[in-house]
Amino acid sequence: MAAAARSPSEKSFDEMGRYQRRRRILLALLIGAFCALLVFGGSPHDELMHERIEAHGIALILIGIGGRLWSILYIGGRKSAEVVDTGPYSVMRNPLYFFSTIAALGIGAQTGSMIVAVASAVLCAAAFHIVTLREERHLMTVLGAPYKDYIARVPRFFPNPLLFRDEPEVTFTPRIFNHTLRDGLAFLISIPFFEFIETGQESGVIPVLFWLY
């Protein structure tokens, strides 16, 4: 018996899945290249300032991880099935990307450089902006008028706390939650990574080719 023809929405969903997988690979390569470049950058700040920047960065990483977990509790497995507009999705349309950018700011801060921290967040936000435009076109096709109304009401990236609303309970998928938790914990690798680089630079094993202010 011949297989049933796939609907346009199913084809769109599969195409979106392939796009997201390519996006994750490309983003990982870009992050890897960025970190490789930072290996040879040193911080000219005094020890106290350097430690303060790193400490604030750790706090931002934890906020990013917590925010991503909060977001996935509401959206896990439902993104292309229905419009989710409660919890973090009531104040912004892309809280997962927003909190990932907060974490990127914290990761950049582990270099002890405010410029690198801000640059990390800006590059991350720019990459997510491109991804978001593609996803919005896909969701408007799949979800139609309800999603267009959601776009008209809720900001894309910067949260508006005045819009917050919640629901008594949410149902989530443990597999997706655990996957998001693993991804988030990977952000913490930046802490020992840059400490290792700093130790190598102080011992003279890793040369400092430029300064990160």
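User: What is the expected span of a helix?
Analyst: The expected span of a helix is 1.5 Å times one less than its number of residues.

User: How does H3 do against the span expected at 1.5 Å a residue?
Analyst: This is a predicted model, and in it H3 has 15 residues. From its first C-alpha to its last, H3 reaches 21 Å, close to the 21 Å expected.

User: How many residues of H3 are buried?
Analyst: The count is 13 of the 15, so H3 is largely enclosed by the rest of the structure.

User: Let's zoom out. How many helices and strands are in the protein chain?
Analyst: The protein chain has seven helices and two strands. Along the sequence they follow the pattern α-β-α-α-α-α-α-α-β.

User: What share of the residues is buried?
Analyst: Buried residues make up 41% of the 213 in the protein chain. The chain exposes about 12200 Å², and carbon and sulfur atoms supply 68% of that area.

User: What share of the contacts between residues at least 6 apart joins residues at least 24 apart?
Analyst: That share is 81% in the protein chain.

User: Rings next. How many aromatic pairs are there?
Analyst: Counting rings whose centres lie within 6.5 Å, there are eight aromatic pairs. One of them is Trp70 with Phe99: the ring centres are 6.4 Å apart and the planes are at 65°, so this pair is edge-to-face.

User: Why does the pair of Trp70 and Phe99 tie together parts of the chain?
Analyst: Trp70 lies in helix H2 (residues 47-75) and Phe99 in helix H3 (residues 95-109), so the pair joins parts that are 29 residues apart in sequence.

User: What about the rings of Phe193 and Phe194?
Analyst: Their centres are 5.0 Å apart and their planes are at 80°, so that pair is edge-to-face. Phe193 is partly exposed at 30% relative accessible area, whereas Phe194 is buried at 7%.

User: Which residues do ring pairs link into a cluster?
Analyst: Trp70, Phe98, Phe99, Phe157 and Phe158 are linked into a cluster by ring pairs.

User: Which residues make up the largest nonpolar core?
Analyst: That core has 12 residues, including Ile72, Tyr74, Ile75, Val84, Tyr89, Tyr150 and Val154. H2, helix H4 (114-143) and helix H5 (145-153) are the elements that give two or more residues to this core. The largest share comes from H2, with three residues.

User: How many residues are in the second core?
Analyst: The second core is separate and has 11 residues, among them Val91, Tyr97, Phe99 and Ile102.

User: Back to Val154. What is Val154 in contact with?
Analyst: Leaving aside its neighbours within four places in sequence, Val154 is in contact with Tyr89, Ser90, Val91, Met92, Arg93 and Leu163.

User: Now Asp85. Where does Asp85 lie, and is it buried or exposed?
Analyst: Asp85 lies in the loop between H2 and H3. Asp85 is buried, with a relative accessible area of 17%, which is under the 20% that marks a buried residue.

User: Which side chains make a polar contact with the side chain of Asp85?
Analyst: The side chain of Arg153 makes one at 3.4 Å, and the side chain of Arg165 makes one at 2.8 Å.

User: Where is Glu167 found?
Analyst: Glu167 is in the loop between H5 and helix H6 (174-186). Glu167 is partly exposed, with a relative accessible area of 31%.

User: What does Glu167 touch?
Analyst: Not counting residues up to four places away in sequence, Glu167 touches Tyr74 and Thr86. A polar contact of 2.7 Å joins the side chains of Glu167 and Thr86. Their C-alpha atoms are separated by 6.7 Å, while the two residues are 81 residues apart along the chain.

User: Last one. Is Gly57 buried or exposed?
Analyst: Gly57, in helix H2, is at 0% relative accessibility and counts as buried. Leaving aside its neighbours within four places in sequence, Gly57 is in contact with Gly106, Ala109 and Gln110.

Notes. Residues numbered from 1 in each chain as written. Predicted model: local features only at pLDDT ≥ 70, side-chain atom pairs only at ≥ 80, totals over all residues. Heavy atoms only, no water. Phe/Tyr/Trp six-rings, centres within 6.5 Å; stacked < 30°, edge-to-face > 60°. Helix = DSSP H or I, 4+ residues; strand = E, 2+ residues; numbered from the N terminus. Buried < 20%, exposed > 50% of the residue type's maximum accessible area, 1.4 Å probe, protein only. Core = buried A, V, L, I, M, F, W, Y, C linked by side-chain atoms within 4.5 Å. Contact = heavy atoms within 4.5 Å. Polar contact = N/O pair within 3.5 Å; in protein donor to acceptor, adjacent residues only side chain to side chain. Areas by Shrake-Rupley, 256 points an atom, 1.4 Å probe, with all protein chains shown as cover.
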